[in-house]
Amino acid sequence: MRFPLHITTDMIKWQLTNWWRRNQRYPYVLMLEPLHTCNLACLGCSPERYNGDLRDRLPLAACLDAVEDAGAPVVSICGGEPTIYPELAELVAAIIARKRHIYLCTNGILLDRFYQKGQPHKRLSINVHLDGMQGTHDLVVDRAGVFDKAVAMIKEGKRLGYSVCTNTTVYRETSMEEIEEMCAFLTGLGVDGILISPGYHYEKIKENHFLYKNEIHEKFKAVLALSEKYRLYSTPLFLQFAAGQRNYPCTPWGNPTRTPKGWKGPCYLIEGGYYPTWKEFWTGVDWDYWESRRDPKCQNCLMHSGFEASVVRHLGSSPRDMWTMAKWNFLSR
């Protein structure tokens, strides 16, 4: 199987529960940012995610309240750099106790600290950021030696018995030949999956290394081809969408984001406003507007955080698509 069985069964149960309650909108993955403090300043990251003060972090109880409020079966712990969060081991254990699956997103620099305190569990996946091979990755994160440390932590995680996957952002300068080289390298390390996402051009970050929609389509035609050879975590339907072969509305509510500033709306990437409570967030964002993708900030966005949820949301409308997804998940290498 592509993913552990409990993720699939938990997601199906969650969808049936919301169908029974006649909920048109509900979260699929909670993006939990316990802190905005980071030990890197990557070129693809907004300043809010590396300028945070550790003293402003979310208390453990507030993190767990967010898990309960959202109800999503999957929690992505991101930031900032979550391995800096002092209560990380306790947070992971408490979320697992609530029978959620966790993706712990990390640059790997301090991951050995977590390995010393935590332990492998079927509901925990370590997700290491890697934007290419050594030269490219160290350039993106603006620090020498980070690639080697990340690779060492991937190897150590596999040795300890963790599920380990990687997360890669594709930029304008990204060589798709290098991405294939990276996929082959990571496959040799035994990673459980590789997530590849487009770095898209939007209003807040104006550097020219981000992609416009037509550029994303061209690069992700190559990624779609790579999915036939390597164990990518991006679904085939999302990759077809990113390659310009199908279309979806956005699902901004699919991955709600809790940060030290509050619930972030309208989505994980766009900073429209912050809400102190789940109810104010859920009822305060104009979801119809943001689903439509007519806002200027959305014109080049093909991010998995908005559109993998759209794949799931529209899956029941096509038996052929359901069969494609079933083959991808259950009959994968």
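No disulfides turn up in this structure: the count is zero, where a disulfide is a pair of cysteine sulfur atoms within 2.5 Å. This is a predicted model, in which local features need pLDDT of at least 70 and side-chain atom pairs count only at pLDDT 80 or more, while totals for chains, interfaces and linings use all residues. Residues are numbered from 1 along each chain as its sequence is written, and side-chain values use heavy atoms, with hydrogens and water left out.

**Cysteines**

- A disulfide is a covalent bond between the sulfur atoms of two cysteines.
- Cys 78 is buried, with a relative accessible area of 5%; buried means under 20% relative accessible area, exposed means over 50%, and partly exposed lies in between (1.4 Å probe, protein chains only).

**Salt bridges**

- Side chains of opposite charge can pair when their charged atoms come close.
- Across the whole structure, a search finds 15 salt bridges, each being a side-chain nitrogen of Lys or Arg within 4 Å of a carboxyl oxygen of Asp or Glu.
- One of them joins the side chains of Asp 10 and Arg 123, at 2.9 Å from N to O. Asp 10 sits in helix α1 (residues 5–20) and Arg 123 in the loop between α4 (111–117) and β4 (124–129), so this pair ties together parts that are 113 residues apart in sequence. Helices (H or I, at least four residues) and strands (E, at least two) are DSSP runs, numbered from the N terminus.
- Are Asp 10 and Arg 123 buried or exposed? Both Asp 10 and Arg 123 are buried.
- Another salt bridge links Arg 57 and Glu 87, with the closest N and O atoms 3.1 Å apart. Arg 57 lies in the loop between β1 (29–32) and α2 (60–70), and Glu 87 in the loop between β2 (74–77) and α3 (88–97), so the pair ties together parts that are 30 residues apart in sequence.
- Arg 57 is partly exposed at 27% relative accessibility, and Glu 87 is partly exposed at 22%.
- Asp 295 and Lys 297 also form a salt bridge, their closest N and O atoms being 3.8 Å apart. Here Asp 295 is buried at 8%, while Lys 297 is partly exposed at 23%.
- Shared partners join Arg 25, Asp 288, Glu 291 and Arg 313 into one network of salt bridges.

- Strand β3 (residues 101–106) has six of its six residues buried, so it is largely enclosed by the rest of the structure.
- His 101, Tyr 103 and Cys 105 point one way from β3, and Ile 102, Leu 104 and Thr 106 point the other way.
- β2 and β3 pair in the parallel sense over four bridges; two strands pair if DSSP finds at least two bridges between them. Ser 76 stands opposite Tyr 103 in β3.
- β3 and β4 also run parallel, joined by five bridges. In this pairing, Tyr 103 stands opposite Ser 125 in β4.
- From β3 the chain crosses through α4 to β4 in a right-handed β-α-β crossover, meaning that, with the strands pointing away from the viewer, the path from the first strand over the helix to the second runs clockwise.
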